[in-house]
Amino acid sequence: TSVDITGSTGNSVDVPTIYASPYGEEVLAFVSPLNGGAGTGPAGVYGVTGGSLYVYNKTLKNWVEPAEGFVWPHIYDIKAKGILGSTYEYYLATSRGIYIIPPGTLKVSSFVGGQPYVDQANIWNSQNTALPSDTIYSLDFDENGHLWIGTDSGLSYWDGSKFYVWDSSSLPGLLSNQIYQVQSRPNGHVFFSAGNPQRGEGTGLYYFNGNTLINY
């Protein structure tokens, strides 16, 4: 079955990120036009620009934009986090930090200079947190709801009150600070990949328990 995300324009679209939420039946997709100068992300990964975020409506069987008309930065990864068993939020790993948004329709407003923004979005970046970079490639929550974060400047961890950062200078044996994929394990352990796989610069699979690093 073919699903037309962007309407009947006939244009090709790139869908580099798609995520099935564990809460309800939502499916989120980040899309951007192909062919015509609209790439999606840093050179060597997906291009250079942003795109649109869509959510699939199972009842109406169509894709809708929760923030209609807003051009998102490149979204590399999406994860959902439950809040006290009553609601949840989406965490978006983007080229401009981590966007935290609620489900449902989002309101788009503009600053005095005309720059649009999403009213409900909370943004974590290197200017307002201890994150080492605004380029966030991957996210994964551990069993306690704490967050592992893969950036282009090292591996980060948010324990609910403080950020921790490890890079090649503080973690001997880490061969690249570009952390492209993180997968948490119980008890504060994590597997991750480092190095740009799009350019054949991957450096293998890593295992880290907070103290010891093993590179496979």
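Ser21 lies in the loop that joins strand E1 (13-20) to strand E2 (27-33); helices (H or I, at least four residues) and strands (E, at least two) are DSSP runs, numbered from the N terminus. The structure is a predicted model, in which local features need pLDDT of at least 70 and side-chain atom pairs count only at pLDDT 80 or more, while totals for chains, interfaces and linings use all residues. Residues are numbered from 1 along each chain as its sequence is written, and side-chain values use heavy atoms, with hydrogens and water left out.

Ser21 counts as buried because its relative accessibility is 8%; buried means under 20% relative accessible area, exposed over 50%, and partly exposed in between (1.4 Å probe, protein chains only). The side chain of Ser21 makes a polar contact with the side chain of Tyr90 at 3.1 Å, and it also reaches the backbone nitrogen of Tyr23 at 3.1 Å. A polar contact is a pair of N or O atoms within 3.5 Å; within protein, one must be able to donate a hydrogen and the other to accept it, and residues adjacent in sequence count only if both atoms are side-chain atoms. When neighbours within four places in sequence are left aside, Ser21 is in contact (heavy atoms within 4.5 Å) with Glu26, Ala80, Tyr88 and Tyr90.

Ala67 is situated in the loop between E4 and E5. Ala67 counts as buried because its relative accessible area is 1%. Its contacts, not counting residues up to four places away in sequence, are Trp72, Leu106, Val108 and Val118. Ala67 and Leu53 are 14 residues apart in sequence, and their C-alpha atoms are 7.6 Å apart in space.

The chain has 2 salt bridges, a salt bridge being a side-chain nitrogen of Lys or Arg within 4 Å of a carboxyl oxygen of Asp or Glu. In one of them, Glu25 pairs with Lys58, with the closest N and O atoms 3.4 Å apart. This pair links distant parts of the chain, since Glu25 is in the loop between E1 and E2 and Lys58 is in the loop between strand E3 (52-57) and strand E4 (62-64), 33 residues apart. Glu25 counts as exposed because its relative accessibility is 54%. Lys79 forms a salt bridge with Asp77, with the closest N and O atoms 3.2 Å apart, and both Lys79 and Asp77 are buried.

Strand E13 (residues 154-158) is mostly covered, with 5 of its 5 residues buried. Gly154, Ser156 and Trp158 lie on one side of E13, and Leu155 and Tyr157 on the other. E13 pairs with strand E12 (residues 147-151) in the antiparallel sense over 5 bridges; two strands pair if DSSP finds at least two bridges between them. Leu147 has Trp158 as its bridge partner in E13, and E12 and E13 form a hairpin with 2 residues between them. E13 is also joined to strand E14 (residues 163-166) by 4 bridges in an antiparallel arrangement, where Leu155 stands opposite Trp166. The hairpin of E13 and E14 has 4 residues between the strands, and Gly160 in the turn has a positive phi of about 100 degrees.

Most residues other than glycine have a negative phi. Lys61, in the loop between E3 and E4, has a positive phi near 55 degrees. Leu84, in the loop between E5 and E6, likewise has a positive phi near 55 degrees. Lys61 counts as exposed because its relative accessibility is 65%, and Leu84 counts as exposed because its relative accessibility is 86%.
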